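This report describes the fold, the packing and selected residues of one protein chain. The sequence and the structure are shown below.

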Amino acid sequence: MSETAIPMKPIQADFVETTKRAVAERDRAREVTARIVERGIDNVYFVGCGGSLYATYPVQFLFDTVADNLTAVRLTSNEFNFRRPRRLGARSLVVVASHTGRTKETVAAIETARDAGAAVLGVTRLPDSPLATGVDEAFTYQSDHTVWE
């Protein structure tokens with residue numbers, strides 16, 4: 001009895017390819033994380049707008065339930081820029097996210113973080129976007145459909 005492959009819809013195929021790219025980045029993600037931990041870190045800020053911020057709920061849950069000595073905060077980009085959290089500093093990690101990599105408030109958050117001396121990571125679609133080129137390290141998923149999955 002032979003197996004017949006069921007054709008995938010374009011969005012399903014995109015999800016598979018995007019997931020493969022993400023898994024291929026795991027060693028780089030570990031290296032980046034090790035450098036940040038070595039430098040010293042007290043807090044993490046997840047910054048974005050709309051769906052890019054909403055998608056950080058699972059990682060916030062992990063910090064809230066697993067991390068002993070590390071706090072994590074999720075803020076909209078403009079809230080981050082105008083609030084400028086008191087604890088934001090050289091021992092902070094700021095993760096900025098924007099699907100397009102061009103959201104003005106989120107790109108501006110990179111400078112807010114840098115002015116405070118924080119390390120800045122980015123998550124976005126394309127490697128040549130203002131967000132990807134403005135952060136210390138960018139993780140790009142290169143998909144029109146798949147954002148954080």
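Is strand β1 largely enclosed by the rest of the structure or largely open, and how many of its residues are buried? In this predicted model, 6 of the 6 residues of β1 are buried, so the strand is largely enclosed by the rest of the structure.

## Overall architecture

The protein contains 7 helices and 5 strands. Read from the N terminus, its elements follow the order α-α-β-α-α-β-α-β-α-β-α-β. Along the principal axes, the C-alpha atoms fill a box of roughly 65 × 35 × 25 Å.

Of the 149 residues, 37% count as buried. Among contacts between residues at least 6 apart in sequence, 69% join residues at least 24 apart.

## The parallel sheet

The 5 strands form an open sheet with parallel pairing, in the order β2-β1-β3-β4-β5. Its edge strands are β2 (71-76) and β5 (137-140), each of which pairs on one side only. On average, neighbouring strands of the sheet are turned by 20° against each other, direction ignored.

Strand β1 (residues 43-48) pairs with strand β3 (residues 92-98) in the parallel sense over 6 bridges. Within this pairing, V44 has L93 of β3 as its bridge partner, and G48 has A97 of β3. Strands β1 and β2 also run parallel and are joined by 6 bridges; here G48 stands opposite T76 of β2.

## Orientation of residues in β1

In a regular strand the side chains alternate between the two faces of the sheet. In β1, N43, Y45 and V47 point one way, whereas V44, F46 and G48 point the other way. All of these residues are buried.

In soluble globular proteins, nonpolar side chains tend to be buried together. The largest nonpolar core of this model has 16 residues, of which Y45, V47, F80, V94, V96 and V135 touch the most other members. The elements giving two or more residues to this core are β1, β3, α6 and α7 (130-134). Helix α6 provides the largest share, 3 residues.

Apart from this core lies another, of 15 residues, including F46, A119, L121 and V123. Residue V94, for its part, touches Y45, V47, F80, L88, A113, A118, A119, V120 and L121, not counting residues up to four places away in sequence.

S98 is found in strand β3. Is this residue buried or exposed? Its relative accessibility is 3%, and because buried means under 20%, S98 counts as buried.

The side chain of S98 makes a polar contact of 2.9 Å with the side chain of T103. Not counting residues up to four places away in sequence, S98 touches S52, T103, T106, V123, T124, R125, L131 and Y141.

## Residues with positive phi

Which backbone angle is positive at R84, although R84 is not a glycine? The phi of R84 is positive, at about 45°. This residue lies in the loop between α5 (77-83) and β3, and at 45% relative accessibility R84 counts as partly exposed.

Q142 likewise has a positive phi, of about 50°, and is not a glycine. Q142 lies in the segment after β5 and counts as partly exposed, with a relative accessibility of 43%.

Methods: Residues numbered from 1 in each chain as written. Predicted model: local features only at pLDDT ≥ 70, side-chain atom pairs only at ≥ 80, totals over all residues. Heavy atoms only, no water. Pairing = 2+ DSSP bridges. Helix = DSSP H or I, 4+ residues; strand = E, 2+ residues; numbered from the N terminus. Axes fitted to C-alpha atoms, helices over the stretch in contact; angles between N-to-C directions. Buried < 20%, exposed > 50% of the residue type's maximum accessible area, 1.4 Å probe, protein only. Polar contact = N/O pair within 3.5 Å; in protein donor to acceptor, adjacent residues only side chain to side chain. Contact = heavy atoms within 4.5 Å. Core = buried A, V, L, I, M, F, W, Y, C linked by side-chain atoms within 4.5 Å.
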